[in-house]
Amino acid sequence: MTEANETKEQLQMPTTYDPKDAERKWYDYWIKNEFFKAGTRPDAETYTIVIPPPNVTGMLHIGHALDFTLQDILIRTKRMQGYDALWLPGSDHAGIATQTRVEQKLREQGQSRYDLGREKFLEKVWEWKELYANTIREQWAKMGFSLDYSRERFTLDEGLSQAVREVFVSLYEKGLIYRGNYIINWDPAARTALSDIEVEYKEVQGALYHLEYKTTDGTDSIVVATTRPETMLGDTAVAVHPKDERYKHLIGKTLLLPIVNREIPIIADEYVEKEFGSGAVKITPAHDPNDFEVGKRHDLPQVLVMDETGKMNANAGPYQGKDRFECRKQIVADLKEQGVLIKIEEHVHQVGHSERSGAVIEPYLSTQWFVKMQPLADQAIDAQKTGKGVNFVPDRFEKIYLNWIENVRDWVISRQLWWGHRIPAWHCADCGQITVTREDATACSHCQSTNLNQDNDVLDTWFSSALWPFSTLGWPNETEDMKRFYSTNVLVTGYDIIYFWVARMIFTALEFTDQIPFKDVLMHGLVRDSEGRKMSKSLGNGVDPLEVIEKYGADAMRYMISTSSTPGQDLRFRWERVEQARNFANKIWNASRFALMNLEGVTAADIDLTGQLGTADRWILHRLNETVRDVTRLIDSYEFGETGRLLYNFIWDDLCDWYIEFSKLSLYGTDAAAKSKTQSVLAYVLDQTQRLIHPFMPFISEEIWQHLPHVGETITLASWPVENQAFESPDAVREMELLMDVIRSVRNIRAEVNVPMSKKVELLVKPASSDTLSILSNNEEYLKRFCNTSLLQIDAEMAAPEKAMTAIITGAELFLPLAGLIDIAQELTRLDKELQSLHGEVERIEKKLGNEGFVAKAPAKVIEEEKAKLADYADKRDKVIVRLAELKG
């Protein structure tokens, strides 16, 4: 794969591109030769991305394909720019999600985790992890991701587990982790606590139940309302506002709670809104977060009426053992029969559901571990507001981030699961105290007893994920990777996990490394279906990236999905766009094949871009320069959609449709010097083009590059194109635009009158200036070839022929004599239409320039451009008027 075997490689380029063969061949070659391994350029500047670790719960979806492709574009570009570029791969144990999947599988076999016991169950989950971690690696390979597998990490591996312990113990020692009884979000299906951001709220058609509680002495009553009547069994008070005149005489009295006949007090608390409903609120401290706070203020009992599975417990009296929703139906019937239920209203309200299991969340009193968030949040807020924080792209996400972190609540980090990082806390059976330590405890730190039991709970998955940018590089140890590659350059992620993950990484990194974890956060949107709907199993509209690759190849999928994206915006997946990307790849392939058929024997050492170059040669080098500059700038700005548009236009239009066609004159001509120069330009531009497209389409670019004259083992390590001032040629651009204008105009006229390109035509050109005359005269061969002329006449003094098709371009008038071409009536109609169009353009710009507001606000350059356009349209209009008069005469 070096210059020595270039010629042989060139001769073997197949007629059609086979994505399957190229993808398999080149990925194996890249991995075998460790081209993606970081640390091989010790003197170079570093560029680091740690992959957002996919969950080991199954296959990667199209959203992963977008996320990882954007990262690969960045890392491949930076590697080619000479950086010591590290893209660190890994996966997440995904506690609740993975455990749920494995438990589902066990249920299908008639078993539960409790049948196996903790140790055996965890063996099953590790088997699952190995299976899906391998599947994920295979998918990464098929998509062409240039990951450094030598540094692959897993959130439960030994090093990361050490980091998790260090953070937990450090926060505990600082008083920032504590254990307490609080109302938390409880998932009865998964039997675990959830943090606030793991709860999805859905609008549900429910009911509002109005209950009348009578005073113990039977002389009065209070009406309260609830959407969850089953929780009334846990009521320990009814609260009213202290200034509510309706209830002042009842404060301090007691009510008799129906069904269970428990006496509960009537209390006064400013939490109650006296204008809302009846102005009285039932207080259930064990099943409502607001009631819990009221209960603490008034020292109320906390009565749990459900167990961890969502079934009613012994405190529910006659409803013990019933599912909470079954109980609701029964208790409503019983309360109605007793005359307690006085009204039921239809009520639409937001109900929390578990993000993982889908179960309705139960606010539940439980003993859990928490992170005290305020001190950590304050540090992150200060960094962001003093210019030391993370750069959000787009910047509107900074407000969303700050809004959440400024209003953050303490984070419940314990989960009642078996799969995950077990909490490093040991409970002493003798003194009841807790020992928290970095190493497994062997004795109680309070009484020295060895009668210890480790806490059964595990940590929230996001606790370990929050450490990902630095734990993966070896922290808390002072590793070489940590010193060299931290902090990282950019995090690429979806906007839907800004709270779950992005915010938590920032505050943990600031606390433990005193640095932000990444300089930029690039937020992309969700991949939706062609109708704009979110992809889901229920709709059956999901897209498997491997299916896309099977049909169209990895490069087509990568190019489509990356160039369809705009930072922060959702994108729609359309199969026709993948097909267009495949067609684009084929266009590149076919153009390269043509070029290589005309480069036989040319080596990299033969390429010489000095000396006399033709107009088209100088033009394509100038356009390459512009494309290199703009593509580099746009990639650095994360504008992948605009990058894709520029590359497409340059390759499809400039290179394939114009330059390669123009090059045929030299390549097929008899001028050996001109042919040699064109070969050099063609080989060079194709080489540079493959490098520019490589981050987007790595496989086809490598395949083509290996056939081109080149030096080096792989395009992945080839240097990124840079601007070359010697290629700047505004004159060539002006000349080429004139030639293209002439050719396009002649082709348009042919199309209008159905004259095929194979039929020769007479072309008369009247230049408006000596400069235009010179350009056209010096490039007659191009005009003859691409206008297919039987006669070409260029004369500034010529009189317009009486019977001819005309076209007015900037700098010249074109005439195609009508003899054997068209009838005059059609030409008059066409010119009339053109005149109306030009009238419209003139009026539009005159109106714009006559608008005082536009003139006052627009930059001077814009105004000058508009004036130039006006003059051009007016000139064309005048010439059309003259031509119409001539034809009519």
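Select arginine 191 to start. At 31% relative accessibility, arginine 191 counts as partly exposed. The model is predicted. Arginine 191 sits in the loop between β5 (177-187) and β6 (192-194). Check its backbone: phi is near 55 degrees, a positive value in a residue other than glycine. Most residues other than glycine have a negative phi.

Next, glutamine 448. Here too phi is positive, near 70 degrees, and the residue is not a glycine. Glutamine 448 belongs to the loop between β19 (434-436) and β20 (452-454). With a relative accessible area of 54%, glutamine 448 is exposed.

Select cysteine 431 and cysteine 444. The model has zero disulfides. Cysteine 431 is in none, and the nearest cysteine sulfur, that of cysteine 444, is 3.6 Å away. A disulfide needs sulfur atoms within 2.5 Å. Now colour by accessibility. Cysteine 431 is partly exposed, at 33% relative accessible area. Cysteine 444 counts as buried, at 1% relative accessibility.

**Cis peptides**

Go to tryptophan 475 and proline 476. A cis peptide bond joins them, with omega about 15 degrees. Proline 476 is placed in the loop between α13 (468-471) and α14 (480-485). Move on to tyrosine 486 and serine 487. A cis peptide bond links this pair as well, with omega about 0 degrees. Serine 487 lies in the loop between α14 and β22 (488-494). Most peptide bonds are trans.

**An enclosed helix**

Select residues 498-513, helix α15. Of its 16 residues, 14 are buried, so α15 is largely enclosed by the rest of the structure. Step just past the helix to aspartate 514, where phi is positive, about 60 degrees.

**Two helix pairs**

Show α18 (residues 575-597) with α20 (residues 640-667). How do they cross? Their axes come within 11 Å and cross at roughly 20 degrees. That angle makes α18 roughly parallel to α20. The crossing is left-handed. Display side chains at the contact. From α18, pick Asn583, Phe584, Lys587, Ile588, Ala591 and Phe594. From α20, the contact residues include Leu647, Tyr648, Ile651, Trp652 and Ile660. By class, this contact has 11 nonpolar, two polar and three charged residues.

Now switch to α4 (residues 95-108) and α6 (residues 118-143). The axes are 10 Å apart, and the packing angle is about 105 degrees. That makes α4 roughly perpendicular to α6. On the α4 side, select Thr98, Gln99, Arg101, Val102, Glu103, Lys105 and Leu106. They meet Phe121, Lys124, Val125 and Trp128 of α6. The class count for α4 with α6 is five nonpolar, two polar and four charged residues.

**Two last stops**

Select serine 366 in strand β14 (residues 362-371). Is serine 366 buried or exposed? At 12% relative accessibility, it counts as buried. Leaving out residues up to four places away in sequence, serine 366 touches Gly180, Asn181, Tyr182 and Ile184.

Finish at glutamate 45, in the loop between α2 (19-32) and β1 (46-50). Glutamate 45 counts as exposed, at 56% relative accessibility. Its contacts, not counting residues up to four places away in sequence, are Tyr83 and Asp84. Draw a distance from its C-alpha atom to that of lysine 78: the separation is 10.0 Å, for residues 33 apart along the chain.

Technical notes: Residues are numbered from 1 along each chain as its sequence is written. This is a predicted model: local features need pLDDT of at least 70, side-chain atom pairs count only at pLDDT 80 or more; totals for chains, interfaces and linings use all residues. Side-chain values use heavy atoms; hydrogens and water are left out. Axes are lines fitted to C-alpha atoms, for helices over the stretch in contact, and angles run from 0 to 180 degrees between N-to-C directions. Helices (H or I, at least four residues) and strands (E, at least two) are DSSP runs, numbered from the N terminus. Angles under 35 degrees count as roughly parallel, over 145 as roughly antiparallel, 65 to 115 as roughly perpendicular and the rest as oblique. A crossing is left-handed if the near helix is turned anticlockwise from the far one by less than a right angle, and right-handed if clockwise. Contact means heavy atoms within 4.5 Å. Ala, Val, Leu, Ile, Met, Phe, Trp, Tyr, Cys and Pro count as nonpolar, Asp, Glu, Lys and Arg as charged, and the others, Gly among them, as polar. Buried means under 20% relative accessible area, exposed over 50%, partly exposed in between (1.4 Å probe, protein chains only).
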